[in-house]
Amino acid sequence: MEHDVAKATRLTESASAVFAVLAGAGRATRPQLASLAGLSKPTVSSAVAELEGARLAAHSGTASSGTGRTAAVYRLGPAAGAVLAVDLGPALTRVRGCALDGTLLAQATGAREDAADVVREALDALPAGAPLRTIVVAVGDVTAQEKEGSGMRPATAKAGPVFDAMAVALPPGVPVHLENNVNCAALAELHEGAARGRHTFGYLRIGVGIGLGIVVGGQVLRGANGAAGELARLPYPWDDGREPRQEALEEYIGARSLLRRAAETWPDEDGPCPRTAEQLFALAGEGRAAARAVIGGHATDVGRLAAAVTAVLDPGLIVLGGSTGADPQILPGVRAELARLSWPTEVVSSTIGDLGTVVGAARLAVARGVQTVTEAAGTKD
């Protein structure tokens, strides 16, 4: 299905402000909009009329007050449009399409190599004629580069080929923004997950790769090059006679090395060694001693990495995520090693899991989509 590229509607500042408030609220009466926007009721009435004329707001029934009076309720109109969020994960591609009030309109999941088809499936499920405001693509190893249109690609080679294959499915002319996948997951934990109500924390992802999402004062810390939290670049090992190598820490602590260590120590009498991290954790959960020993060592390693994070950031809270990091079986070991090496820091498991990246990317896409409308403000009132 073809989707129009949204053209900026030039709004007054009051209409822009009311639109932003309405997008955040989902539905609201004019008195509610006036209160939330800090504007007078006559100004809000004029702004709502302007938004209705541009089809950016629409009447959505009535609401009764305690005094028996009724008030018109408004929601976003059909011209507000939609946004798209794409998570190019290590194994799966997840896509979500949302309205500018955050309402989920479409979602699709498929193999990483089928990313283009997954994007097309989500686009086809969006409401017909809905203008597409922006697209956020979550990948690993992003540096701060922003370009308009779907011709951009990640700055590093890891996601480049997959991105190029997926990009052919993106509608031309729609602004595309790259975001670090761990940062997206951290945002999801902040607003909907284990860090809700906390304004400063670290989201430590441990899986095939490793990464850290840093949230300070409710905002993700991206760094001068967009690479804050790239733990894979920490020099490792620090040892006499051994030279640190780039991404050696990720190689050591990632899921592939976890399975390699399991294979090196697995007793013959325990049968075949697990071939996936999921199988290894399942055997540990059943009480198999060999599996529990490997998982215990992994928890200690993650605890040491958490201690390094704590020494630099003092985040107060660390949320563990990722395919191995989020498993509750490593939580006691991580807490114990962190407590041994550092000051008291709360450690919890992710409550969103694998959906965290696409949920956070969708939140970013919605914010950028609203921005495309509100930044088109024109004359003062």
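Author: Start with exposure: a residue is buried under 20% relative accessible area, exposed over 50%, and partly exposed in between (1.4 Å probe, protein chains only). The model is predicted, so local features need pLDDT of at least 70 and side-chain atom pairs count only at pLDDT 80 or more, while totals for chains, interfaces and linings use all residues. Residues are numbered from 1 along each chain as its sequence is written, and side-chain values use heavy atoms, without hydrogens or water.

The part to look at is the salt bridges. Each is a side-chain nitrogen of Lys or Arg within 4 Å of a carboxyl oxygen of Asp or Glu. The count comes to 10 salt bridges.

Take R260 and E264. Their side chains meet in a salt bridge, 3.0 Å from N to O. Both residues sit in helix 8 (residues 255-265), 4 residues apart, about one turn of the helix. Helices here are DSSP runs of H or I with at least four residues, strands are runs of E with at least two, and both are numbered from the N terminus. R260 has 41% relative accessibility, so R260 is partly exposed. E264 has 56%, so E264 is exposed.

Next, E337 and R304. Their side chains also form a salt bridge, at 2.9 Å from N to O. This pair links distant parts of the chain: E337 is in helix 11 (residues 331-341) and R304 is in helix 10 (residues 289-313), 33 residues apart. E337 is buried, at 8% relative accessibility. R304 is partly exposed, at 43%. Shared partners join R304, E337 and R340 into one network of salt bridges.

One more pair is R233 with E247. Their closest N and O atoms are 3.4 Å apart. Both residues lie in the loop between strand 11 (219-220) and helix 7 (248-253), so the pair ties together parts that are 14 residues apart in sequence. R233 is partly exposed, with a relative accessible area of 45%.

Now for the surroundings. A nonpolar core is a set of buried Ala, Val, Leu, Ile, Met, Phe, Trp, Tyr and Cys residues joined through side-chain atoms within 4.5 Å. The largest core has 48 residues, and F19, L33, L51, L100 and F201 have the most contacts inside it. Helix 12 gives the most to this core, with 7 residues. A second, separate core has 33 residues, among them F281, L283, A284 and I295.

Look at L100 again. Contact means heavy atoms within 4.5 Å. Beyond neighbours within four places in sequence, L100 touches residues including F19, L76, V83, R133 and V366.

Helix 12 (residues 356-374) also meets helix 6 (residues 181-192). Their axes come within 7 Å and cross at roughly 85°. Axes are lines fitted to C-alpha atoms over the stretch in contact, with angles from 0 to 180 degrees between N-to-C directions. Helix 6 is therefore roughly perpendicular to helix 12, a label for angles of 65 to 115 degrees. The contact includes C184, L187 and H191 of helix 6, and V359, R363 and L364 of helix 12.

Finally, a sense of span. T12 is in the segment before helix 1 (13-25). T12 is buried, at 17% relative accessibility. T12 and P237 are 225 residues apart in sequence and 58 Å apart in space, C-alpha to C-alpha.

Note on methods
Parallel < 35°, antiparallel > 145°, perpendicular 65-115°, else oblique.
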